[in-house]
Amino acid sequence: MMEETTKPTDFIREAVAEDLRTGRFNYVRTRLPPEPNGYLHIGHVKAWMIDYLVAKENNGELILRFDDTNPTKEETEFVDAIIEDTRWLGIEWKEITYASDYFDLLYEWAQKLVWMRKAYVDDQSPEEVSANRGTFTEPGKNSPWRDRSVEENLDLLERMKNGEFSDGSRVLRAKIDMAHPNLNMRDPVMYRILHEPPHHRTGDKWKIYPLYDWAHGQNDSMEGITHSLCSLEYRDHRPLYDWFHEQLGVFKSRQIEFARLNLNYTVMSKRKLRRLVEEGYVSGWDDPRMPTLRAMRRRGYTAEAIIDFVQRMGVSTVATSNAGVIADIAFLESRVREDLNKHSLRRMAVTKPLKLVIDNYPDDLVEEMDAVNNPEDPSAGARKVPFSKELYIEQDDFRETPPPKYYRLYPGNEVRLRYAYFVKCTHVVKNDVGEVVEVHATYDPSTRGGDAQDGRKVKSTIHWLSASHAKEAEFRMYDRLFTKEDPEEGEEGSLACLNPDSLHILHGYVEPSLAQAKPGNRFQFERLGYFATDQDASENKPVFNLTVSLKDTWAKIERSNKSK
């Protein structure tokens, strides 16, 4: 469950409060209207939280309603995933409904519009309908079938429903105004014929299916939704939704639009995400490089961090581009880092191992060092970490010839081994091609715990693992999926800027206790970053995903040195 926060205010909440104050509505009911044709991504979270919190703050109700009006794209798999991901966010709803629950009533309302001469069956092909729609500067053309009799339209509509006509041969259209300045009002299509595939809930019962612009507003009315909160691209559709309500004389929901949320270095389009999956650019919808909630959860993001990020972005009607509000992914990462810093247990891991041999340490001695579990949380306590003569350290923590301002291990230099002793490098062992494969050092037994009795200081502390106790592990080091801040920029499209270095797999070692880490467990690997145990992990070989890196001061210095 999410923690209670101070009640915020914005133009949506102010509008809802005004509606209650003036008596336009005497209750609040909102809805989440996902299409079950893909997985939820972080862009959905903004809309989800607005709908949820507006209802909750006004002692109202939230409906989770699936817009299952297109059987060619919908799967039960997506329904189950959306429910699971929404629950993971801590969102609670009154009930789950489906657009298909209202197919019968929606059809009756369509018949009513036909009776009222406000809808007609059109025999034009889809191409003809599109061509005759007109443009922003030119009016559309009336269909030659626009003035059919009520009786003929009702007969054709019923036969469409019963499957007597082929796909695309006829549609039902609202009869409004083909010269209307708003193209959405130019006799929009209400029903199209679809014989295959069977609907995931109604099977083969229906051979016609409502378009979103017909079903959406009417479903809101049928459920008594007071406030239909949606993104800005539906602002020009609002007059159509209002027109349907007015013609039918039914409950009229109030639609309020806001700018949707996007991230730089990211694509949010379900179609484009599906292509990444189906063409093998990523391993699946839950690939940790994807912006889907289950991908972020697998990578180690917390629901609390995602919600904090979304709420800090605020609610606006101003979009920074046609895509909506574009947030900096670095800000999201900072929210994740801050949350994990408070709650993640600290552990030691070595991703690029280099052997360190302490020559003056007893061969058969094994000590247990006290290591802090989380300095941000004293209640997390401490643990014992085995220490022995042969250790693994990170390759980056040793330089045979150190560059300027490098304070880690190099010949003649002394450093602190985290929670253990001071050690000084004495010499190295190289392989046949001249690569350092083993570092040798001596230790000072009087510095156990990390402090020298004589008061001398060292400028660097490095982490380590006992070679005889460490467990082999795989580390999946993730980076951004795209190299361009706006992957859609230019004619070549997002696939042209896929990052070839978005995943590196390293093989190293972890503390022995991490062999039992469960999928979803999160840790800070000291000096490396935050990691989460992957679902591919086994007791014989744990697998960890890089969630977000730590702030790396040395990396900035090293980049600066190389640029000089």
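This is a predicted model: local features need pLDDT of at least 70, side-chain atom pairs count only at pLDDT 80 or more; totals for chains, interfaces and linings use all residues.
Residues are numbered from 1 along each chain as its sequence is written, and side-chain values use heavy atoms, with hydrogens and water left out.

**Around Arg146**

Arg146 sits in the loop between helix H5 (126-131) and H6, helices (H or I, at least four residues) and strands (E, at least two) being DSSP runs numbered from the N terminus. Its relative accessible area is 11%, so Arg146 is buried, where buried means under 20% relative accessible area, exposed over 50% and partly exposed in between, with a 1.4 Å probe and protein chains only. Show next the residues that Arg146 is in contact with, leaving aside its neighbours within four places in sequence: Tyr120, Lys175, Ile176, Asp177, Met178 and Asp187. Contact means heavy atoms within 4.5 Å.

**The four-stranded sheet**

Now colour the open sheet of four strands, which has the order E4-E5-E6-E7 with antiparallel pairing; two strands pair if DSSP finds at least two bridges between them. Strand E4 (119-122) and strand E7 (208-210) stand at the edges with a single partner strand each, so one side of each is left without a neighbour in the sheet. From one strand to the next the twist averages 20 degrees. For angles, axes are lines fitted to C-alpha atoms, for helices over the stretch in contact, and the values run from 0 to 180 degrees between N-to-C directions.

Zoom in on strand E6 (residues 189-193), which pairs with E7 in the antiparallel sense over three bridges, and find Arg192 opposite Tyr209 in E7.

Select helix H7 (residues 212-222), which is mostly covered, with ten of its eleven residues buried; among them are Trp214, His216, Asp220 and Ser221. After H7 comes Gly224, whose phi is positive, near 65 degrees.

From here go to Ser253, in the loop between helix H8 (238-248) and strand E9 (254-258). Ser253 counts as buried because its relative accessibility is 6%. A polar atom of the Ser253 side chain lies 2.5 Å from the backbone oxygen of Ile225. Not counting residues up to four places away in sequence, Ser253 touches Asp220, Ser221, Ile225, Thr226 and His245, and of these Asp220 and Ser221 are buried residues of H7.

Move on to the open sheet of seven strands in the order E12-E25-E26-E27-E23-E24-E13, where the pairing is mixed. Its edge strands are strand E12 (345-347) and strand E13 (349-350), each pairing on one side only. Inside the sheet, strand E23 (residues 471-478) and strand E24 (residues 503-510) pair in the antiparallel sense over eight bridges, and Phe475 stands opposite Leu506 in E24. E23 is also joined by three bridges to strand E27 (residues 543-549), the two running parallel, and here Arg476 has Asn545 in E27 as its bridge partner.

Finish with H12, which lies across E12, strand E25 (522-525), strand E26 (529-533) and E27, running at about 115 degrees to E27. Helix H12 (residues 329-343) has 15 residues and reaches 22 Å from its first C-alpha to its last, close to the 21 Å expected at 1.5 Å a residue, the expected span being 1.5 Å times one less than the number of residues. At its N-terminal end Asp328 caps H12, a side-chain oxygen lying 2.9 Å from the backbone nitrogen of Ala330. The buried residues of H12 include Ile329, Glu333, Arg335 and Asp339.

Methods: A polar contact is a pair of N or O atoms within 3.5 Å; within protein, one must be able to donate a hydrogen and the other to accept it, and residues adjacent in sequence count only if both atoms are side-chain atoms.
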